[in-house]
Amino acid sequence: MAASEIAAYIRRRLRSRSPPEPAVPPEPAALPEPAVRPGSAVLPGPAAPSGPAVLPGPAAPVVGASVVPVMRAAYRKLSHGKKVNSVTLFVTLDGMTPPHETLTDALTEERRYHDLCRAALAAMVEGAEEHVISGEHVSASGADAEVLGYALRSRAKEMRELPEAPLFFGRLDFDPDAPEAGDHRGQRYHIGRLRITEHPAAPPLVVDWRAPVSRAFYQAGARDPQGVSVRRRFGWAPGSKGDAADLTGLEDEHLTAGTAGGPSRIVAGEIERPRVGPMRDIAATIQPEQDDLVRAPLTDTVCVQGAPGTGKTAVGLHRAAYLLYTHPGRVRRSGLLILGPNRTFLRYIAEVLPSLGETGVRQSTVQDEIARQPVTAYDDERAAAVKHDARMAEVLRRALYARVRPVADSLAVPDGSYRWRVPADALERIVTDVLAERPPYDTGRERVRSRAVRYVQDQAERRAGPVTNAWVQKISRARPVSAFVDAAWPRVRPEEVLYGLLADEGALAAAADGLLTAEEQRAIRWPRPPRSYRSAKWSAADLVLLDEVAGLLERPESYGHIVVDEAQDLSPMECRAVARRAGSASLTVLGDLAQGTTPWAARSWPELLAHLGRPDAAVTPLTTGFRVPEAIVSLANALLAELDVDVPPARSLRQDGDLVVREVPDAVAAVPAAVRRALAREGSVGVIAADATVPAVRAALAGADVPAAGPDDLGARVAVVPASLAKGLEYDHVVVVEPAAIAEAEPRGPHRLYVVLTRAVTSLEVLHGRGVPWGAAPAAPTSALGSGSGPG
C-alpha cells in the first residue's frame, strides 16, 4: 500500500473513531480530594508537588492538577529494558482541563494523529524520490537540468536520512476570541522538528519549530499568552524512534486563564534525562531567553557569554538551523560553517543539526580550516605566544609588500616592427598608485599589469585608432610586460614569504621594527634555517601565519554565516582567520571567559570581537544553568572567584544532584571504587584527570576489571578523558582525579579545572590527596554517594 493510501486510511479511521466535540462542555461536578483509586500505583518520594504521586488506571478521569507527573518512573523502567505500555502522564498546570476529557482519550487521540503524520512523512519521502525520476525528463538546457537534478537528489537524500524520532513535541491551541492571535484564532498546531504536510498546498499537519507561529510555544506565558489558550507538551519514552506507543505523557498549560503554572515536569525530565552518546537537540525545551538568541536576525552578530550548563552550544546550533530555515537561499548558497575547539567536540555535537533536518553543514576547527601544510614542528611557549599575537599581522604585511619595488628601467614592448615604450617614471607611478589602494596582493599584481598595458594601448590608439581585444591580450602576454610585472610585483607563495621572514634576521628586523622587541624576534626566528621553503617544517602557529599571508594575497571565499564555539580560546590571529572567512556576513560567537585555557585566551569580549571584525556586536550573558546542579555550580563559583576574568557567577535551576569532595591517600587508586559507585546509577560516567595522569588511571581501571573507553567513544558507559579534551563534553557522573594536578599542568590550569568541574549533570566526585585548589565552597546537600571524606 502506498504511503498516500496509508494516510487516507488513517484519516478515515480517525474521523470514524473520534467522538464529536460537545457544543457546550458539561458543568464539572464537585470533586472530592483525590484518593488512590482501584488499580492505581502510589509512587512515594519527591516526584509529586504535594501529596502522593498517582499513577492512574486506563479510565481514570483527569481532575485538575491531582494527577501528577510520573515520567521519571516510566523513564527508569524503560531505561532498564522493561516494556511500559500503560504509564501515562496528564497534568494541567492550572487545573483547567475540561472534565469530559479523559487521560486515555487524550493519549489515544494524539497517538492516532502521530500515525497520520508518520504516514504523511512517508508520502513526502516517496514524493521526493518520484521527483528525482520525473525531473530527469524536464526539458531544460544541460546546465539547468544538471542543477535541477542535483537539487532534487539532494532533497531526496535529506528526506531519506531523516533520523527516526517523534514527529512532534508540542501543540498550540489558539483562543478563538483573542485578537492578538491574529490569523491563528481558533487554530490548533502541532509543533515538531520538521514541517509535515499531505500536500505542499495543504495546511501542515506538523509545523516546523522555526516557523513564526511556533515562537509562541517558547515565548507565551500566563502574563503574555500571545493568543494561546493551551500549550501542550508531549512526553516520549527515552530513545524513542517515533513509535506512537512511545507517547507516554501529556502536559497542558491553560495560559489565557491568567494563572501562572509551575515548572514543566516534562521539560525538567527531558533536560535531566541520562545522556549516554552524542549531544541531543533542545528544540522541545528551548527557554525564552535562548529563543531570543536563536531567532536573532541574520544581519546581527550574536555573542553569548554562557556559564556552564546554560546551553550556549545548543543555542548556537539551533540558531544555525533557524537561519538555514529562514534564509535558505542566502545561507545555503554561501554555506554555513560550525567551528569547534577540537574534533572530539565536533563528534559530540555532530548529530544535532541532522536531528533538526539540516544536513550538509560543514563542521570543522580553526586548525583544520587553515591547514595548508602538515604540522611537523613545535614551538616553545614563548614563540607560540608571539606568533599568535595580533602584531604579527602587520609584520607579515610589511614582509610581503617589501617584495614590491619600482623598476629603474623603462619598458619596451615589441609590436610587429614597432616598439612601444613606457618610461620608468610612469612605471613608478603605476606601482605607487596601486600600493596606495591596498588591494589584495595578487589583485594588485594584475592591476599593475593592466595599467602598464593601458599605457601602451593609449599610445597605439593615438597613432592608429582603436585596437582589438586580441591585440590587448597579445600585449598583456608579451615577455617584456611579464618580466616587468615579475620584477616590480613578484608572484609569491605564502610559504616563501614566511620562510623569508623567519630564516633571515635582517628581513625580520626590518618587518618587525617598532612592533616586536629584539627578544620576541629571537623567539620566533629559526636558529638553523632550512635550505628553502620547500624543505621547511611548520608548526601549528606557523599555519596561522601562513593563513594570514594567504589572506593578504587573495581574499578567501566567505561563508553565509559562521558559528564559533569556545571562542574565548581563539588567539587574535585565529580570530582574523575566522573574520576573513566571514567576510561581511554575521557571526554567532559562543564562549565563557572563565573557561579560557589557551595562553592567549581572551580576557574580555570587546577585545576578541574587535579581532573578529565585529567591534559593535552586543554581548548577551546566559547565567542560568539548566543541566548542571546547584551544588556543582556553587563549587565552580568558588573557583571562579580566583580566576582572572570578570564574568557573573552562574546559578542553577536544579536543586538536585550530588557532590562529594573525597580526600584519599592515593587518588588514582581510588578511581575504580568511585567509578563503581557511579555505575550503580543510570547514565554515563566520565573520569577526568590531568593529561599526564590518564595512563595511570586507565591502568588502575583495567587492573580492577572496570571497562573504560576514551572520549571519542560516545556510546561507552565509562570514558577516561584527559582534562585538555573535556571542554564542551558532558557526562551524567564525573569523577575528577587530583584537581591540584590539573591546576598545575599548564599556565591557565585553574581555568582548565573550572572546565573539568562543570562537566557533570547529575553527580560529581572529586578525589584528592593533595588538597583542593579553591577556597571555601558553599555546603553541598547530603550526597547519595557517601561522606565527603574517607578512603576510596
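Reply: Gly309 is buried, with a relative accessible area of 9% (buried is under 20%, exposed over 50%, partly exposed in between, with a 1.4 Å probe and protein chains only). This is a predicted model, in which local features need pLDDT of at least 70, side-chain atom pairs count only at pLDDT 80 or more, and totals for chains, interfaces and linings use all residues. Residues are numbered from 1 along each chain as its sequence is written, and side-chain values use heavy atoms, without hydrogens and water.

Gly309 sits in the loop between S9 and H8. Pro308 belongs to the loop between strand S9 (302-306) and helix H8 (312-326) (DSSP runs of at least four residues for helices, H or I, and at least two for strands, E). Pro308 is buried as well, at 4% relative accessibility.

Gly309 touches Gly625, Phe626, Arg627 and Val628, leaving out residues up to four places away in sequence (contact means heavy atoms within 4.5 Å). With neighbours within four places in sequence set aside, the contacts of Pro308 are Asp592, Gln595, Gly625, Val628, Tyr754, Thr758 and Arg759.

In an unreviewed UniProt entry, "binding site" covers Gly306, Ala307, Pro308, Gly309, Thr310, Gly311, Lys312 and Thr313. UniProt annotations may be inferred rather than shown by experiment.

Now the charged pairs. The whole structure has 48 salt bridges (a side-chain nitrogen of Lys or Arg within 4 Å of a carboxyl oxygen of Asp or Glu). One of them joins Asp292 and Arg215, whose closest N and O atoms are 2.9 Å apart. Asp292 is in helix H7 (residues 288-294) and Arg215 in helix H5 (residues 215-219), so this pair ties together parts that are 77 residues apart in sequence. Asp292 is partly exposed at 41%, and Arg215 is partly exposed at 32%.

Another salt bridge links Glu253 with Arg231, at 3.1 Å between the closest N and O atoms. Here strand S8 (residues 247-254) holds Glu253 and strand S7 (residues 228-236) holds Arg231, so parts 22 residues apart in sequence are tied together. Both Glu253 and Arg231 are buried.

Finally, a network of salt bridges connects Glu110, Arg171, Asp173, Arg188, Arg232 and Asp252.
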